[in-house]
Amino acid sequence: METRSWVRDGLRAIGGGAITAGLAITNLLLLVVTLVALVLVPVPFFGLALLPWVMALVRMRTDLERRLAARAGVVIARPYQPRPERALPGGWRSFRWIVTDPATWRDLAWLVPGAVVGLALGLLAIAIPLYGVEGISLLPLWLYLSVDWYGYGFFWPIASLPEALLSVPQGVLFVALGLSAAPVLLTVNARFTRLFLAPTKAAELRLRVAQLTVTRADTVDAQAAELRRIERDLHDGAQARLVSLGMTIGLAEEMLERDPAAARRLLTEAREVSGTALLELRNLVRGIHPPVLAERGLYGAVRALAMGLPLPVAVELDLPGRPETPVESAAYFAVAEALANVVRHSRARTAQVSIRYAGGLLALGVRDDGVGGADPSRGTGLRGIQRRLAAFDGTMTVSSPPGGPTVVMMELPCVLSSPKTMPSSGTA
């Protein structure tokens, strides 16, 4: 299984290298178009409209590079200033928004070095395994063609049958080297890209303020929605049953003397209604803060959750204490929602949950071997997790290439209190 995953990741990285090398060429085209747009800026009307349009293309290119970097495991946030209100295309506001944003000039500064590094590393990621494939193919070609001149040809000269025989194991070695090196080369390119396209300290502060503003609004909306849900569940469920229970007991009191048998039936019905109301109240409380979470902690609650799923889920824990109750509850429900997505959408055979604490961060990971393709922008489940974590200054990243695996990583800043009392791993 690990060998299959290594080959699959290597082949994807080789494909990513081809994409990186191909896209690197577009950098130079975009640079030429941008220079032309800058020269034409003094032209009335046309110049003001052209540069924002060209920079929109440049930002599309840099956003694509950020997505490629994220697939290589390097997350690069978008550093751009929000578009001002009433910034019409071709107007002065739109032009000033573009030229006064430092990220615009960082994008332009990346185009040439990004093209050179991306092209070099992308071609290298392709060339190493292709060189190995050539070495493996030399022996059958030698035997089939039976010509000596082939040995003096393309990159791998051979002049005899023993050399052709030796080319096969050497080719296998180069293929293995290429499968291992391609992901590393893409990671190096992604880290180089991050030097130019990641937000500066000032941009990070600005983005942080904007994020906190959105987070505060989302948290208020989520709390209001949660209160409405609790009120609705109480009104439609337990409250209605308690009202029915009171009416049934009142009827039983009236019939107790003249028809004891009917009163007894009514009391039996009242007992059943009270049991149903109690069950609904328990379910409501479980949706707010599961009792198993309070009793067993995060590990025990996640283990109990995993045992109820229709696929095996391995749970690993490295937690020297317990987080604060609100953080623990948010972590539990985030993992629960991620596992629910696994069951509903991934078609996975197995899943893993990891819970670790280091450097003041509670790290939660949910991994499955399903079909992949998870995208927070296309569904409410992952976006709901983001909103839940954002209320505690937490973050979520998703890696889900087509074909899988899907990895959801969540981090929550917190402090731990009580010592650990739970075991460290297990499989549900």
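Biologist: Is the crossing of H2 and H3 left-handed or right-handed?

Modeller: A crossing is called left-handed if the near helix is turned anticlockwise from the far one by less than a right angle, and right-handed if clockwise. The crossing of H2 and H3 is left-handed. This is a predicted model, where local features need pLDDT of at least 70 and side-chain atom pairs count only at pLDDT 80 or more, while totals for chains, interfaces and linings use all residues. Residues are numbered from 1 along each chain as its sequence is written, and side-chain values use heavy atoms, with hydrogens and water left out.

Biologist: At what angle do H2 and H3 pack, and how far apart are their axes?

Modeller: Two packed helices are described by the angle between their axes and the distance between the axes. Here helix H2 covers residues 46–71 and helix H3 covers residues 92–99; they pack at about 45°, and their axes are 9 Å apart. That angle makes H2 oblique to H3. (Under 35 degrees is roughly parallel, over 145 roughly antiparallel, 65 to 115 roughly perpendicular, and the rest oblique.) The axes are lines fitted to C-alpha atoms, for helices over the stretch in contact, and the angles run from 0 to 180 degrees between N-to-C directions.

Biologist: Which residues make the contact?

Modeller: Contact means heavy atoms within 4.5 Å. From H2 come Leu 48, Leu 51, Pro 52, Met 55 and Arg 59, and from H3 come Trp 92, Ser 94, Phe 95, Trp 97, Ile 98 and Val 99. Sorted by class, the contact of H2 with H3 has 9 nonpolar, 1 polar and 1 charged residues. (Ala, Val, Leu, Ile, Met, Phe, Trp, Tyr, Cys and Pro count as nonpolar, Asp, Glu, Lys and Arg as charged, and the others, Gly among them, as polar.)

Biologist: Moving past H5, where does Pro 199 lie? Is Pro 199 buried or exposed?

Modeller: Look in the loop between helix H5 (161–197) and helix H6 (201–255) for Pro 199. With a relative accessible area of 12%, Pro 199 is buried. (Buried means under 20% relative accessible area, exposed over 50%, and partly exposed in between, using a 1.4 Å probe and protein chains only.) Pro 199 and Tyr 80 are 119 residues apart in sequence, yet 8.1 Å apart in space, C-alpha to C-alpha.

Biologist: What phi does Arg 347 have?

Modeller: Arg 347 has a positive phi of about 55°, although it is not a glycine. You can find Arg 347 in the loop between helix H9 (325–346) and strand S3 (351–358). Arg 347 is exposed, with a relative accessible area of 67%.

Biologist: Which residues is Pro 413 in contact with, leaving aside its neighbours within four places in sequence?

Modeller: With those neighbours set aside, Pro 413 touches Gly 360, Leu 361, Phe 392, Asp 393 and Gly 394. Pro 413 belongs to strand S6, residues 406–413, and counts as partly exposed at 32% relative accessibility.

Biologist: Finally, how many helices and strands does the protein chain have?

Modeller: The protein chain has 10 helices and 8 strands. (These are DSSP runs numbered from the N terminus: helices are H or I with at least four residues, strands E with at least two.) Of the 428 residues in the protein chain, 38% are buried. Among contacts with a separation of 6 or more, 70% join residues 24 or more positions apart.
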